[in-house]
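Biologist: I am new to this structure and would like to learn how to read it. Please show it and take me through the main features in turn.

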Amino acid sequence: MQDIEQLTRDFDSVEGWQKHVGGLMKGGKAKKSFAIWQKADTKFVAPLYQVRKDKSDVAKYQIVAWADRDVNVGDLENLGAQIPLGTMRMEASTISPYLYKYFGDQLEVNKIFQSQLGAFAKVIANQKNYSAVAYAKVGDKDYAFYIK
């Protein structure tokens with residue numbers, strides 16, 4: 001697990017941002033994602049919990065969750081276990097796993113986690129081991145930047 005306080009300090013510079021936010025570096029996306037981070041109305045770095053892993057006949061999926069406060073990982077896992085695999089497949093197929101764009105309220109899994117636990121959640125169509133997330137809110141849009 002990454003040191004959350006150190007990550008937060010590192011994200012004060014584009015060099016620190018590039019060092020930690022891996023998959024976003026191609027095609028000039030680092031500057032774009034760092035600009036989003038810098039202008040965010042609300043932002044924080046938090047541990048990222050893999051609360052459920054599952055697979056279908058064609059792909060692997062995971063639900064990841066995070067919050068700006070301490071959360072009970074058992075509660076996150078219990079809620080993740082209640083999400084149907086079909087919902088996970090649908091949401092994972094519509095959003096890039098290297099998310100640096102709005103993910104917000106249209107996603108059913110995030111709505112469930114927000115309403116029941118006050119946490120954010122997202123389905124990813126792979127099972128990479130991310131350790132933390134940099135969350136940013138710009139206006140009414142939510143952004144997540146995964147950190148290995």
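Modeller: Begin with a strand pairing: strand 3 and strand 4 (residues 120-124) run antiparallel and are joined by 5 bridges. Helices (H or I, at least four residues) and strands (E, at least two) are DSSP runs, numbered from the N terminus. Two strands pair if DSSP finds at least two bridges between them. This is a predicted model: local features need pLDDT of at least 70, side-chain atom pairs count only at pLDDT 80 or more, and totals for chains, interfaces and linings use all residues. Residues are numbered from 1 along each chain as its sequence is written, and side-chain values use heavy atoms, with hydrogens and water left out.

Biologist: What is the bridge partner of Trp66 in strand 4?

Modeller: Trp66 has Phe120 as its bridge partner there.

Biologist: How is strand 2 joined to strand 3?

Modeller: Strand 2 (residues 49-55) pairs with strand 3 in the antiparallel sense, over 6 bridges. The two strands form a hairpin, with 4 residues between them. Within this pairing, Lys53 stands opposite Gln62 of strand 3.

Biologist: In what order do the strands of this open sheet come?

Modeller: The order is 2-3-4, with antiparallel pairing. Strand 2 and strand 4 are the edge strands, each pairing on one side only. From one strand to the next the twist averages 15°. For such angles, axes are lines fitted to C-alpha atoms, for helices over the stretch in contact, and angles run from 0 to 180 degrees between N-to-C directions.

Biologist: Which strands does helix 6 touch?

Modeller: Contact means heavy atoms within 4.5 Å. Helix 6 (residues 108-117) packs on the sheet and touches strand 2, strand 3 and strand 4, its direction making about 155° with that of strand 4. Helix 4 (residues 73-81) lies across strand 2 and strand 3, and runs at about 25° to strand 2.

Biologist: How many residues of strand 3 are buried?

Modeller: Buried means under 20% relative accessible area, exposed over 50%, and partly exposed in between (1.4 Å probe, protein chains only). Strand 3 (residues 60-66) is mostly covered, with 6 of its 7 residues buried. For the chain, buried residues make up 45% of the 148 residues.

Biologist: How is a pair of aromatic rings described?

Modeller: Such a pair is described by the distance of the centres and the angle of the planes. Rings of Phe, Tyr and Trp (its six-membered ring) pair if their centres lie within 6.5 Å; planes under 30 degrees apart count as stacked, over 60 as edge-to-face and the rest as tilted. By this rule the count is 11 aromatic pairs. In one of them, the rings of Phe44 and Tyr135 have centres 4.9 Å apart and planes at 35°, so the pair is tilted. This pair links distant parts of the chain, with Phe44 in strand 1 and Tyr135 in strand 5, 91 residues apart.

Biologist: Are Phe44 and Tyr135 buried or exposed?

Modeller: Phe44 counts as buried at 14% relative accessibility, and Tyr135 is buried with a relative accessible area of 3%.

Biologist: What kind of pair do Trp66 and Tyr146 form?

Modeller: Trp66 and Tyr146 form an edge-to-face pair, 6.5 Å centre to centre with 85° between the planes. Trp66 lies in strand 3 and Tyr146 in strand 6, so the pair ties together parts 80 residues apart in sequence. Both Trp66 and Tyr146 are buried.

Biologist: Which residues form one aromatic cluster?

Modeller: Phe44, Trp66, Phe120, Tyr130, Tyr135 and Tyr146 do.
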